[in-house]
Amino acid sequence: MDTVTYPDEKVVDFIGKNVVPLKLPYDSKPMADDYMIKWTPTLITLNGGGKEHHRTVGFLSPEELIPSVLLGIGKVYFDRESITEALTYFEKIVREYPKSDSTAEVLYLKGVSEYKNTHDAKPLKLAYELLQAGYPSSVWTKRAYPYRLL
Amino acid sequence: MAREKYLAGMIHWEADLENALARAASDGKTVLLFFHNTD
């Protein structure tokens, strides 16, 4: 990632504007133990209190890193029940990175977020239909399977 | 000018977790923690 992803101009710009980045060797103590690092590269999104909300293990291209980090930020808001803010990140990913590997999870969480905001089950069913149409083999499509009945 | 352009094209990593969390809290951002191989 040091030779391909991090030097990418869009990644540099995105990281600078959206997150506080910290790079550590895989054996840094005590963080490697605290965050149970077993392989590299591992990227973790933390809230301001140091709590983990999203993790990826393995190489991410520039095209995949940005939506993955956006998903991580969205999950920080989702986990603290700041649903409107979470939705702005989920909608941005769907709009700007529709083909990314993160998008199926985003569609699932977007449906859940809209349900939490409205208590209307239609977004859950729509999430399943979008997942089934665009990501039929995704684990997120399987997890949304019961929503087809709503 | 060349040095400024070079530095502008790099990610500015924080020095340690304490600094990163403090900056995240003050800027209202999240921390992206990247563990890498040292080879």
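Modeller: A residue is buried if 20 or more other C-beta atoms, placed from the backbone, lie within 10 Å of its own, exposed if 12 or fewer do, and partly exposed in between. The model is predicted, so local features need pLDDT of at least 70 and side-chain atom pairs pLDDT 80 or more, while totals for chains, interfaces and linings use all residues. Residues are numbered from 1 along each chain as written, with chains lettered from A and ligands numbered from 1 in the order written.

Biologist: Is Leu65(A) buried or exposed?

Modeller: Leu65(A) belongs to helix 3 of chain A, which spans residues 62–79 (a DSSP run of H or I, at least four residues). Because 25 other C-beta atoms lie within 10 Å, Leu65(A) is buried.

Biologist: Which residues is Leu65(A) in contact with, leaving aside its neighbours within four places in sequence?

Modeller: Contact requires C-beta atoms within 7 Å. With those sequence neighbours set aside, the residues in contact with Leu65(A) are Thr5(A), Val11(A) and Leu60(A).

Biologist: What distance separates the C-alpha atoms of Leu65(A) and Leu43(A)?

Modeller: Leu65(A) and Leu43(A) are 22 residues apart along the chain. Their C-alpha atoms are separated by 9.5 Å.

Biologist: How is helix 5 of chain A oriented to helix 6 of chain A?

Modeller: Helix 5 (residues 103–118) and helix 6 (residues 122–134) of chain A pack with their axes 8 Å apart, at an angle of about 165°. Axes are lines fitted to C-alpha atoms over the stretch in contact, and angles between N-to-C directions run from 0 to 180 degrees. Since angles over 145 degrees count as such, helix 5 and helix 6 of chain A are roughly antiparallel.

Key. Helix = DSSP H or I, 4+ residues; strand = E, 2+ residues; numbered from the N terminus. Contact = placed C-beta atoms within 7 Å. Parallel < 35°, antiparallel > 145°, perpendicular 65-115°, else oblique.
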